[in-house]
Amino acid sequence: MRVLGIDCGTEYTGYGVVDLLSDGQSKDRLVCIVCGAIKVSPRDPMPTRLSRISIGLQQLISQHQPERVAIEDVFYATNVKSALKLGQVRGVAMLAAASAGLLVAEYSPLSIKSAVVGYGRAEKRQVQQMVARLLNLAEIPEPADAADALAIAICHLHTAATLERQSTDRQSKDPRSQAPHVKCHPERSNPTGLPVELRSRRTPTP
């Protein structure tokens, strides 16, 4: 699975595309495809900044073809005005994903830290260091927004993998999942008793 993580910001919007690959021996590994940040000038009008962020995300989605998009669902701002601006950026990110037909997953900061570090109260530096380790990178990605975006993508991949394993375990333990598929009663679904293709081709009797 390939996931685009987006760390929304009014000046730097971080992005990171991560692949979850399997070597065929039940061992998965994470691979960083690309990461960086879309920088906009705070001197530009807000509509101009939103447009540049939208275009940048659309180009990333078109070029790298992620299967899912993940963003942070709870954000912190110093004041109401900053919160409103950040909310606008999140809306643009969601729109870019939805316009490409992609589902958007949202994760709280606590969930992201727990998935990456294993501790929901981890420091920002700890998260960035673990991102570099999980992706086998020589150094922490720069800018910091890119590392945060990679952490969001990793969180989604870990969450999706966990849910898939849980679903597989439930199916293997549920005896009903092994039962043969039973079709509808033929008298209700097919009164003639003939296959559908034969009924549709049968010539009426004169």
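A residue is called buried when its relative accessible area is under 20% and exposed when that area is over 50%, with values in between counted as partly exposed (1.4 Å probe, protein chains only). The model is predicted, so local features need pLDDT of at least 70 and side-chain atom pairs count only at pLDDT 80 or more, whereas totals for chains, interfaces and linings use all residues. Residues are numbered from 1 along each chain as its sequence is written, and side-chain values use heavy atoms, leaving out hydrogens and water.

The buried residues of helix 2 are Leu86, Val89, Arg90, Val92, Ala93, Ala96 and Ala97. These residues lie on the same side of helix 2 because they cover an arc of only 155 degrees around the axis, taken from the directions from the helix axis to the C-beta atoms. On the face turned away from them, helix 2 carries the exposed residues Val80, Lys81, Leu84, Leu95 and Ser99. The buried residues pack against strand 1, strand 2, helix 1, strand 4 and strand 5 (103-107). After helix 2 comes glycine 101, with a positive phi near 75 degrees.

Next comes the nonpolar core, a set of buried Ala, Val, Leu, Ile, Met, Phe, Trp, Tyr and Cys residues joined through side-chain atoms within 4.5 Å. The largest has 22 residues, and Val89 and Ile6 are among those with the most contacts inside it. At least two residues of this core come from each of strand 1 (2-7), strand 2 (12-22), helix 1 (46-64), strand 4 (68-72) and helix 2 (80-99).

Methods. Helices (H or I, at least four residues) and strands (E, at least two) are DSSP runs, numbered from the N terminus. Contact means heavy atoms within 4.5 Å.
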